[in-house]
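Hello,

Here is the structure I promised to pass on. Please have a look at it first, and then read my notes below.

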Amino acid sequence: MAVSLSSSSTITPITLQPNLKTIHGLGTVSPFYSIKSRFRSVSLRRSAVVVSAITGGASGTGIGKDTADLLDTVKILDLRGNEIPISDLWKDRKAVVAFARHFGCVLCRKRAAYLAEKKDVMDASGVTLVLIGPGSIDQANTFMEQTKFKGEVYADPNHASYEALEFVSGVTVTFTPKAAMKILESYMEGYRQDWKLSFMKDTVERGGWQQGGILVAGPGKDNISYIRKDKEAGDDPPVEEILKACCA
């Protein structure tokens, strides 16, 4: 059951002592520091909608023609600030595209790592690994520098791809019992939240409550063979499910 958190709520700092380790694709984790947080007033953009993983052919992905056409108009930014249509990511190749909650999110860094661990399997099948985050180019570059992510990273400062795909957003899908447990597990495994990125204006006002998802698409702009929309923060599908969709 989801729990609501008022704008005046606070999280009591906690101290954990995880074992540091080297994570494939993300380098060695940084030293531990206490979790600190504060929350500002927020506005919810839309109600949470639970969407299950949908697999199969293009006609069975849950992506209608209107959504496919809308995606063809969505522009994202590469790390140099060049604007490209998002569908160009899979126009001429197959790609696993992971959508992060925001670039500072500890759960998103864990998502990046568990996908990067299977990059050799994707490479062998000619599949490109991509991560998109709702935020600025500077945030995207900071994410790359911190995580050493081996895939491609893009920024969506206008959240256009998230809205086109109707990913859920809101406090009630961000702060849930399951999400809280996954945050604790992530810290114990050595992952870290970047609080500076997390409390930048764009992230707090828009991206802080945004959820993401994962899709497998291409070759071909309309060829989306798999989509998984997160129900709540940290709602990662089994990696085997993704590999079956992209590399079987």
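I call a residue buried under 20% relative accessible area, exposed over 50%, and partly exposed in between (1.4 Å probe, protein chains only). Please keep in mind that this is a predicted model, where local features need pLDDT of at least 70 and side-chain atom pairs count only at pLDDT 80 or more, while totals for chains, interfaces and linings use all residues. Residues are numbered from 1 along each chain as its sequence is written, and side-chain values use heavy atoms, leaving out hydrogens and water.

Salt bridges first: there are 10 in the structure, each being a side-chain nitrogen of Lys or Arg within 4 Å of a carboxyl oxygen of Asp or Glu. One of them joins aspartate 72 to lysine 221 (3.3 Å, N to O). These two sit 149 residues apart, in the loop between helix 1 and strand 4 and the loop between strand 9 and strand 10. (Helices, H or I with at least four residues, and strands, E with at least two, are DSSP runs numbered from the N terminus.) Lysine 221 is partly exposed at 33%, and aspartate 72 is partly exposed at 35%.

Another salt bridge links aspartate 235 and lysine 231 at 3.2 Å; here aspartate 235 is buried at 7%, whereas lysine 231 is partly exposed at 32%.

Now to the strands. Five of the six residues of strand 6 (94-99) are buried, so this strand is largely enclosed by the rest of the structure.

Best wishes
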